[in-house]
Amino acid sequence: MATLVGQRFQWWIWYSLLLQFWRAVDGQIVYSISEEASPGTTVGNLAKDLQLNVQDLETRGFHIVTEAYKRYFDLNLKTGIVSVKERLNREKLCEFNTKCSIALEAVGKSPFNIYRFEVNVLDINDNSPVFRQSETILNISESAFSGERFLPRASDPDVGSNSVRSYKLSPNEHFSLDAQSGREQSVSAELVLQKALDREKQSVIRLTLTAVDGGKPPRSGTVILVTFLKVCGMN
């Protein structure tokens, strides 16, 4: 009997500790902040949103404990406000992920509680589309058929509407441009041969391909396409 009572008491202790350890307010606390926001920019009032007494923050030693990200945020123990401590670069934090969500934990003692909240880092149009090289060489046989395709690509670390949205080709009589949408709303472009090539008339064709993102204002990047016409049968 004494053993059973002891087991029940131990179970009650563990249950109480788990309740304290996992205690959280109803609903998920989620803040949003634009990347590259200046240090000192307010993210949100954690004390207010967690319904905590501001006067208790210092006495409870309230602080952010998520080691990987706490250097980016500051918690004011007098106001309960979380602010930007170090500029956030969304591309470094989340690479090409469309959503950049940082999970954070704050701890208070007496009683000991862990409070969880998230900060969504919003993308800004701080990158321009880029091609792998500033100049691309295309070797095309003068016997190439109309409709034959050649593919240059541009990339942009930004996501969504701030990524590459369109392409433009400098005016010429031989090639047109065909833009195609890919997964996650990415856009690629293909050069399409429209008119037969004649090496004797023009052995080199220079074109400028421009990639444009959807930012406001938009950013762009260019690549020079140098097309060398090969004699039929040459490798």
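Arg 116 is found in strand β7, strands being DSSP runs of E of at least two residues and helices DSSP runs of H or I of at least four residues, both numbered from the N terminus. At 31% relative accessibility, Arg 116 counts as partly exposed; buried means under 20% relative accessible area, exposed means over 50%, and partly exposed lies in between, with a 1.4 Å probe and protein chains only. The structure is a predicted model, in which local features need pLDDT of at least 70 and side-chain atom pairs count only at pLDDT 80 or more, while totals for chains, interfaces and linings use all residues. Residues are numbered from 1 along each chain as its sequence is written, and side-chain values use heavy atoms, with hydrogens and water left out.

**Surroundings of Arg 116**

- The side chains of Arg 116 and Glu 105 are joined by a polar contact of 3.1 Å.
- A polar contact is a pair of N or O atoms within 3.5 Å; within protein, one must be able to donate a hydrogen and the other to accept it, and residues adjacent in sequence count only if both atoms are side-chain atoms.
- Arg 116 and Gln 28 are 88 residues apart along the chain, and their C-alpha atoms are separated by 7.9 Å.

**The chain as a whole**

- The chain has 4 helices and 16 strands.
- Of its 235 residues, 35% count as buried.
- Among contacts (heavy atoms within 4.5 Å) between residues at least 6 apart in sequence, 64% join residues at least 24 apart.
- The chain exposes about 14400 Å², of which carbon and sulfur atoms supply 51%; accessible areas come from the Shrake-Rupley method with a 1.4 Å probe, and for residues only the protein chains shown count as cover.

**Pairing around strand β5**

- Strands of a sheet pair through backbone hydrogen bonds, either parallel or antiparallel.
- Two strands are taken as paired if DSSP finds at least two bridges between them.
- Strand β5 (residues 81-84) pairs with strand β2 (residues 42-45) in the antiparallel sense over 3 bridges. Within this pairing, Ser 83 in β5 is the bridge partner of Thr 42.
- Strand β4 (residues 73-75) also runs antiparallel to β5, and 3 bridges join them. Here Phe 73 stands opposite Val 84 in β5.
- The hairpin of β4 and β5 has 5 residues between the strands, and Gly 80 takes a positive phi near 80° in it.

**The four-stranded open sheet**

- An open sheet of 4 strands has the order β9-β16-β15-β12, and its pairing is mixed.
- Strands β9 (135-141) and β12 (164-169) stand at the edges, each with a single partner strand, so one side of each is left without a neighbour in the sheet.
- From one strand to the next, the twist averages 25°; axes are lines fitted to C-alpha atoms, for helices over the stretch in contact, and angles run from 0 to 180 degrees between N-to-C directions.
- Strands β15 (residues 204-213) and β16 (residues 220-230) pair in the antiparallel sense over 9 bridges. One of the residue pairs is Val 212 with its bridge partner in β16, Ser 220.

**Cis peptide bonds and positive phi values**

- The peptide bond from Lys 216 to Pro 217 is cis, with omega near 0°, and Pro 217 is found in the loop between β15 and β16.
- A cis peptide bond also joins Ser 110 and Pro 111, with omega about 0°. Pro 111 is found in the loop between β6 (101-108) and β7 (113-122).
- Ser 110 lies in the loop between β6 and β7. Although not a glycine, Ser 110 has a positive phi of about 50°. Ser 110 is exposed, with a relative accessible area of 64%.
- Glu 36, in the loop between β1 (29-34) and β2, has a phi near 65°, a positive value in a residue other than glycine. Glu 36 counts as partly exposed at 26% relative accessibility.

**The disulfide**

- A search of the whole structure finds 1 disulfide, a term that covers a pair of cysteine sulfur atoms within 2.5 Å.
- The disulfide joins Cys 94 to Cys 100, with 2.1 Å from S to S.
- The link of Cys 94 and Cys 100 is right-handed, with 65° about the S-S bond.
- Cys 94 is buried, with a relative accessible area of 10%, and Cys 100 is buried with a relative accessible area of 2%.
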